[in-house]
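Dear colleague,

Here is the structure I said I would pass on. My notes on what was found in it follow below.

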Amino acid sequence: MADESGRRNDMTVAPERTDQVVVARARSLMDLAELTHQVLPGHRSEILEGQLIVNPPADGPHGVSLTGLTLALAPLHGGQTQVVQAMGLWLPTGRDDHAVPDLAVVDDDYRDHLVGYNCYRPSVFRMVVEITSANWRDDLERKREAYAAASVPVYVIGDRKHGEVVVLTDPVDGEYRTRSVHRPGESLVLPESIGAKIEIEADLLLSR
C-alpha cells in the first residue's frame, strides 16, 4: 500500500491465538484480507473501522451451537428467506469495512445484491448472529455499532463470556434502541420480522 509520498508500505497482521505472522505487500486491506484465506486455512478475516481482524477457527461448542441454531431456524430456509453461515456483510463504516457473521437470515434475492468478495448489501440481512469466542469484545462492542450503523434489524449475540443471550433490535442513528437479555434455562422468541415467530432456548447459543 502506498503512503502519501508514493512509497509502498508493508502490511502486517498477527492473527489471534497463533504465533504465525503474515507479512505481504498489498494495495489495500481487502487484498490482505483475501491473502489470509490462502495462507491461514480455517481463519476468517473481517475489516472493522479500517482495521483488519483475523479470527482463528472456532472451537467445537461454537460449532455445535451454530448447528443447533441452524436446525431451529429451518422453517426460514427456503421461500422468501435463507439461513446462511459465514456470508459477508458490507458495512457503511469504511471503504473496505465488512463483517462475516457466524449466522444470518437473508432475503432470498440476496444474489442480486452482491458487492464483492462474497459480501452483500446490508439491506438483505434480516438477522445476524454472533457466538463469542476469544475476541468477544468485538461482538459486544464494535460489531454492535457496525450492524446498527448498517441498519440490520436484529442482532443476536450468544455471549459465552458472560453466560447470556442478548437480542438487539430497532436500529436508529447507529444504535440499537431495544435490548433484551436471556440467561441459561430461559427461552426467547425471535422477532417475527425475520420471517416467522421462532422460539429457542438460550442454552442453545451458550454451549461451552
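The protein has 3 helices and 16 strands. Please keep in mind that this is a predicted model. Of its 208 residues, 48% count as buried. The accessible surface comes to about 10,200 Å², and carbon and sulfur atoms account for 47% of that surface. Taking contacts between residues at least 6 apart in sequence, 49% join residues that are at least 24 apart.

On the aromatic side chains: the structure holds 3 aromatic pairs. One of them is formed by Y147 and Y155, an edge-to-face pair with 4.9 Å from centre to centre and 75° between the planes. Both Y147 and Y155 are buried.

Y155 also pairs with Y176. Y155 sits in strand β12 (residues 154-159) and Y176 in strand β14 (residues 175-182), so the pair ties together parts that are 21 residues apart in sequence.

As for burial, the cut-off is under 20% relative accessible area. Y155 has 0% relative accessibility and therefore counts as buried. Y176, at 11%, counts as buried too.

Taken together, Y147, Y155 and Y176 make up one aromatic cluster.

Regards

Methods: Residues are numbered from 1 along each chain as its sequence is written. This is a predicted model: local features need pLDDT of at least 70, side-chain atom pairs count only at pLDDT 80 or more; totals for chains, interfaces and linings use all residues. Side-chain values use heavy atoms; hydrogens and water are left out. Rings of Phe, Tyr and Trp (its six-membered ring) pair if their centres lie within 6.5 Å; planes under 30 degrees apart count as stacked, over 60 as edge-to-face and the rest as tilted. Buried means under 20% relative accessible area, exposed over 50%, partly exposed in between (1.4 Å probe, protein chains only). Helices (H or I, at least four residues) and strands (E, at least two) are DSSP runs, numbered from the N terminus. Contact means heavy atoms within 4.5 Å. Accessible areas come from the Shrake-Rupley method with a 1.4 Å probe; for residues, only the protein chains shown count as cover.
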